[in-house]
Amino acid sequence: MAVVFERPKSLCDVPLHYCPGCTHGIVHRLVAEVMDEMGIEGDTVGVCPVGCSVMAYNYFGCDMIEAPHGRAPAVATGVKRSNPDKFVFTYQGDGDLAAIGTAETVHAATRGENIVVIFINNTIYGMTGGQMAPTTRPGQVTQTTPFGRNPELAGYPVRVSEMLSTLTGVALAQRVAVDSVAHIREAKKAIRKAFENQKEKKGFSIVEVLSTCPTNWGLTPTDALKRLREEMIPYYPLGVYKDSVAGGND
Ligand SMILES: Cc1ncc(C[n+]2csc(CCOP(=O)(O)OP(=O)(O)O)c2C)c(N)n1
Ligand code: SF4
């Protein structure tokens, strides 16, 4: 019988610990499919964050390192510089990348480190119980903003792709989403492009993936996807913010 669907080789055959309906699993699969297609599983080092994806080292079949507290781009820098022939990627949530690790992210990007950053923006601190993240939208209810995020008190969200797109060292800054099959396909293309950029030594490539956290949003998986589509995408428009290869803003 023809096989029409199977687990990518680069994804370990173990149950994921993510909550039902969480889209971390979809993004894991896309990264693993790209590694399979490029045949690079044995030549890739992934760097994990703090946050719900802390245990991604149990799920990807390539070599993995854990980098606590937002330091993933710094660790990835060291790995890549000492092993320039390896593919190196980080996998980070918005608390890890855009709060605890803002400095590491911005400076790795501005140095043009030849790494891939997979950035999961679910607008909340998932692992620690749903506190406000830098990416929490104005008005969004979280554990620490029970009346909705008030920009007068908490400031405005960080738009990571837009911000990084202004930096010369960045080769690719693209925002995608995983709320529909069409968007998941686009997300995979962006991840593939980021890894191809690394192969061609183009510099820093970030793919921001708008994702769900049904548990801390207090929504069913279906309603979480609806929120992603109807509330998050209008606030965080999808698209390529910088593509130096295709004649971006440098
Ligand atoms: C400096 C510091 N502050 C707070 C924490 C606690 N902490 C661990 S994970 C996490 C939230 C991570 O959220 P995010 O990166 O958005 O990932 P998610 O769990 O949503 O996938 C926090 C606040 C920490 N580890 N270090
Ligand atoms: S808490 Fe949120 S981000 Fe974490 S696994 Fe559950 S649904 Fe996913």
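Visitor: Which way do the residues of E4 point, and are they buried or exposed?
Guide: In this predicted model, Val-116, Ile-118 and Ile-120 point one way from E4, while Val-117, Phe-119 and Asn-121 point the other way, and all are buried. Strand E4 covers residues 116-121, and six of its six residues are buried.

Visitor: Nice. What does E4 pair with?
Guide: Strand E3, residues 87-93, pairs with E4 in the parallel sense over five bridges. E8 also pairs with E4 in the parallel sense, over six bridges.

Visitor: Which residue stands opposite Ile-120?
Guide: That is Gly-93. Towards E8, Val-117 has Ile-206 opposite.

Visitor: And how many bridges join E7 to E8?
Guide: Seven, and E7 and E8 run parallel. One bridge partner pair is Val-170 with Phe-204 in E8.

Visitor: Why is E7 described as largely enclosed?
Guide: Because eight of the eight residues of E7 are buried, the strand is largely enclosed by the rest of the structure.

Visitor: Let's talk about the core. How many residues does the largest nonpolar one have?
Guide: The largest nonpolar core has 64 residues. Those with the most contacts inside it are Ile-118, Phe-119, Ile-191, Val-207 and Val-209.

Visitor: Switching to helices: which residues of H4 are buried?
Guide: Helix H4 spans residues 102-110, and its buried residues are Glu-104, Thr-105, Ala-108 and Ala-109. They cover an arc of only 125 degrees around the axis, which puts them on the same side of H4.

Visitor: What happens just after H4?
Guide: Gly-112 takes a positive phi of about 70 degrees there.

Visitor: Fine for a glycine. Which residue has a positive phi of about 55 degrees although it is not a glycine?
Guide: His-69 does. His-69 lies in the loop between strand E2 (63-66) and H2. It counts as partly exposed because it has 13 C-beta neighbours inside 10 Å, and a residue needs 20 or more to be buried.

Visitor: What about Thr-123, buried or exposed?
Guide: Thr-123 is buried, with 28 other C-beta atoms within 10 Å. Its phi is also positive, near 60 degrees, in a residue other than glycine. You'll find Thr-123 in the loop between E4 and E5.

Visitor: On to ligands. How many residues surround ligand 1?
Guide: 19 residues surround ligand 1, and the closest are Gly-51, Cys-52, Gly-93, Gly-95 and Gly-126. The elements that give two or more residues to this shell are helix H3 (94-100) and strand E5 (124-125).

Visitor: Which of them gives the most?
Guide: H3 does, with four residues.

Visitor: And how does that shell divide by class?
Guide: The shell around ligand 1 has nine nonpolar, eight polar and two charged residues.

Visitor: Now ligand 2. Which residues are around it?
Guide: They are Tyr-18, Cys-19, Cys-22, His-24, Cys-52, Asn-122, Gly-126, Met-127, Cys-213, Pro-214, Thr-215 and Asn-216.

Visitor: Where does the largest share of the ligand 2 shell come from?
Guide: From helix H8, residues 214-217, which contributes three residues. By class, the shell around ligand 2 has seven nonpolar residues, five polar and no charged ones.

Visitor: Last topic: where is Ile-26?
Guide: Ile-26 is in helix H1, residues 24-38. It is partly exposed, with 17 other C-beta atoms within 10 Å.

Visitor: What does Ile-26 touch?
Guide: Not counting residues up to four places away in sequence, Ile-26 touches Val-178 and Ile-184. Ile-26 and Val-178 are 152 residues apart along the chain, and their C-alpha atoms are separated by 7.5 Å.

Definitions and conventions. Residues numbered from 1 in each chain as written. Chains lettered and ligands numbered in written order. Predicted model: local features only at pLDDT ≥ 70, side-chain atom pairs only at ≥ 80, totals over all residues. Near = placed C-beta within 6 Å. Nonpolar A, V, L, I, M, F, W, Y, C, P; charged D, E, K, R; others polar. Core = buried A, V, L, I, M, F, W, Y, C linked by C-beta atoms within 7 Å. Buried ≥ 20, exposed ≤ 12 C-beta atoms within 10 Å, placed from the backbone. Arc of directions from axis to C-beta. Pairing = 2+ DSSP bridges. Contact = placed C-beta atoms within 7 Å.
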